[in-house]
Amino acid sequence: METASNPSHISIYVLYKLNQSRKTGESPLQQIFYGAPGTGKSDTIYETTKDLPQENVYRTTFHPDSDYSTFVGCYKPIMKRQYRYDGKIKAKYYEDDDLAEAKKDDVIIDKVIQYNFIPQAFTNAYIKAWQTEEPVYLIIEEINRGNCAQIFGDLFQLLDRSLDRKSVV
């Protein structure tokens, strides 16, 4: 039975206004919208952010498989092409190589694995907040569907506020 009192049918959206404290001394906005489907949560957030440049609005949706790497970011392997060197000179094929589809005297290019940090919604919003004076919003939809401790990791502590509205670390 679908009822508003059944927690599995209540959606929770969190709206973070990230860069206010740096510019105005105000605490960053952390606002939670919750309620049954169709109660206006998405509309309220839309009205709050509709006049902002869309590059300042970051949106993510939590689900049971969400984790720190899908919210903050992580290192991932990528294939990179690089020249092979023989001393300080680029190495070349000394004969045709059909397997590499290379001809004699072609420069040898190897494919290597490199690990790059791939930022996700939180990191992208955080970086943008430091780069602009305009408000930057991070919208987390369905925050109640994910394991918040698993998703936020150490960042979870930054959500705690003391009585003077400062982060408790």
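Here is a short tour of the model in your viewer, stop by stop.

This is a predicted model, in which local features need pLDDT of at least 70, side-chain atom pairs count only at pLDDT 80 or more, and totals for chains, interfaces and linings use all residues. Residues are numbered from 1 along each chain as its sequence is written, and side-chain values use heavy atoms, with hydrogens and water left out.

**The whole chain**

Start with a cartoon view of the protein chain, which has five helices and eight strands. Helices (H or I, at least four residues) and strands (E, at least two) are DSSP runs, numbered from the N terminus. Trace the elements from that end and you will read β-α-β-α-β-α-β-β-β-β-α-β-α. Now colour by burial: of the 169 residues in the chain, 28% are buried. Buried means under 20% relative accessible area, exposed over 50%, and partly exposed in between (1.4 Å probe, protein chains only); the areas come from the Shrake-Rupley method.

**Helix 2**

Select residues 41-49, which are helix 2, and show Lys 41, Ile 45 and Thr 49, the buried residues of this helix. Look down the helix axis: these buried residues fall within an arc of 50°, so they line one face of the helix. The arc is taken over the directions from the helix axis to the C-beta atoms.

**The aromatic rings**

Next, show the aromatic side chains; a search of the whole structure finds seven aromatic pairs. Rings of Phe, Tyr and Trp (its six-membered ring) pair if their centres lie within 6.5 Å; planes under 30 degrees apart count as stacked, over 60 as edge-to-face and the rest as tilted.

Pick Phe 62 and Phe 152: their ring centres are 5.9 Å apart and their planes stand at 75°, so this pair is edge-to-face. Phe 62 sits in the loop between strand 3 (57-61) and helix 3 (68-71), and Phe 152 in helix 5 (residues 148-152), so the pair ties together parts that are 90 residues apart in sequence. Both Phe 62 and Phe 152 are buried.

Then move to Tyr 126 and Trp 130, an edge-to-face pair with centres 6.5 Å apart and planes at 65°. Tyr 126 and Trp 130 are four residues apart in helix 4, which separates them by about one helical turn. Tyr 126 is partly exposed at 43% relative accessibility, while Trp 130 is exposed at 53%.

Select Phe 62, Phe 71, Phe 122, Tyr 126, Trp 130 and Phe 152 together to see one aromatic cluster.

**Two loop residues**

Go on to Thr 132, in the loop between helix 4 (121-131) and strand 8 (137-141). Thr 132 is buried, at 12% relative accessibility. Its side chain reaches the backbone nitrogen of Glu 134 at 3.1 Å.

Glu 142 is in the loop between strand 8 and helix 5. Check its phi, which is near 55°, a positive value in a residue other than glycine. Glu 142 is buried, with a relative accessible area of 15%.

**The nonpolar patch**

Finally, switch to a surface view and select Tyr 75, Met 79, Ile 113, Tyr 115 and Phe 117, which make a nonpolar surface patch of about 620 Å². Patches are made of residues with over 30% relative accessible area and no salt bridge, with like charges joined within 9 Å and nonpolar side chains (Val, Leu, Ile, Met, Phe, Trp, Tyr) within 5 Å. A salt bridge is a side-chain nitrogen of Lys or Arg within 4 Å of a carboxyl oxygen of Asp or Glu. Strand 4 (73-83) and strand 7 (109-119) each give two or more residues to the patch, and the largest share, three residues, comes from strand 7. End on Tyr 75 in strand 4, which counts as exposed at 58% relative accessibility.

Notes
Areas by Shrake-Rupley, 256 points an atom, 1.4 Å probe, with all protein chains shown as cover. Polar contact = N/O pair within 3.5 Å; in protein donor to acceptor, adjacent residues only side chain to side chain.
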